[in-house]
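Try each task yourself before you read its solution.

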Amino acid sequence: MLTLKNYTISEWINKGSNQSNRIGVMAIDNRIGMYINGEKVDEVVDEEDHYKEGFFGLYINRNWTENLSINVDKVSYWTCLL
């Protein structure tokens, strides 16, 4: 597993009980954009083609929130030619 971006606090995350958040990642060439609830929050550039191919997965860390419960109800991906 490789980490694209270390944990950072974001104003775009809906906090509190019974909240939903939509997380997105868009890779175009060597640029990888990260989105929270439709807002682009960061972008990394893969200068050395580490992420040219491979797999993706979901990793959830609850170190900052006790009794955190997470439900993932949909994971999707699309490929397109630009």
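**Exercise 1. Find the turn between E2 and E3, and name the residue in it that has a positive phi.**

Step 1. E2 and E3 form a hairpin, with 2 residues between the strands. Strands (E, at least two residues) and helices (H or I, at least four) are DSSP runs, numbered from the N terminus.

Step 2. In this turn, asparagine 37 has a positive phi of about 50°.

Step 3. Two strands count as paired if DSSP finds at least two bridges between them. One of the contacts joins glycine 33 to its bridge partner in E3, glutamate 43.

A note before going on: this is a predicted model, in which local features need pLDDT of at least 70 and side-chain atom pairs count only at pLDDT 80 or more, while totals for chains, interfaces and linings use all residues. Residues are numbered from 1 along each chain as its sequence is written, and side-chain values use heavy atoms, with hydrogens and water left out.

**Exercise 2. Work out the order of the strands in the sheet, and explain why E1 and E3 each have a side without a neighbour.**

Step 1. Begin with E1 and E2, which pair in the antiparallel sense over 6 bridges. Alanine 27 has isoleucine 32 of E2 as its bridge partner, and methionine 26 stands opposite glycine 33 in E2.

Step 2. The 3 strands make an open sheet in the order E1-E2-E3, with antiparallel pairing. Strand E1 (23–28) and E3 each have a single partner strand, so they stand at the edges and one side of each lacks a neighbour in the sheet. From one strand to the next, the twist averages 20°.

**Exercise 3. Which residues are linked in a network of salt bridges?**

Step 1. Recall the idea: side chains of opposite charge can pair when their charged atoms come close. The rule here asks for a side-chain nitrogen of Lys or Arg within 4 Å of a carboxyl oxygen of Asp or Glu.

Step 2. Apply the rule, and the count comes to 2 salt bridges. Glutamate 43 meets arginine 31 at 3.7 Å, N to O. This pair links distant parts of the chain, with glutamate 43 in strand E3 and arginine 31 in strand E2 (residues 31–36), 12 residues apart. Glutamate 43 also meets lysine 40, at 2.7 Å, N to O.

Step 3. Join them up: Arg31, Lys40 and Glu43 form the network.

Step 4. Glutamate 43 is partly exposed because its value is 30%. Arginine 31, at 36%, is partly exposed too, and so is lysine 40, at 44%.

**Exercise 4. Is cysteine 80 buried or exposed?**

Step 1. Locate cysteine 80 in the segment after E3.

Step 2. Cysteine 80 counts as exposed because its relative accessibility is 60%.

Step 3. Now find isoleucine 28: cysteine 80 is 52 residues from it in sequence, and 9.6 Å away in space, C-alpha to C-alpha.

How values were computed:
Buried means under 20% relative accessible area, exposed over 50%, partly exposed in between (1.4 Å probe, protein chains only). Axes are lines fitted to C-alpha atoms, for helices over the stretch in contact, and angles run from 0 to 180 degrees between N-to-C directions.
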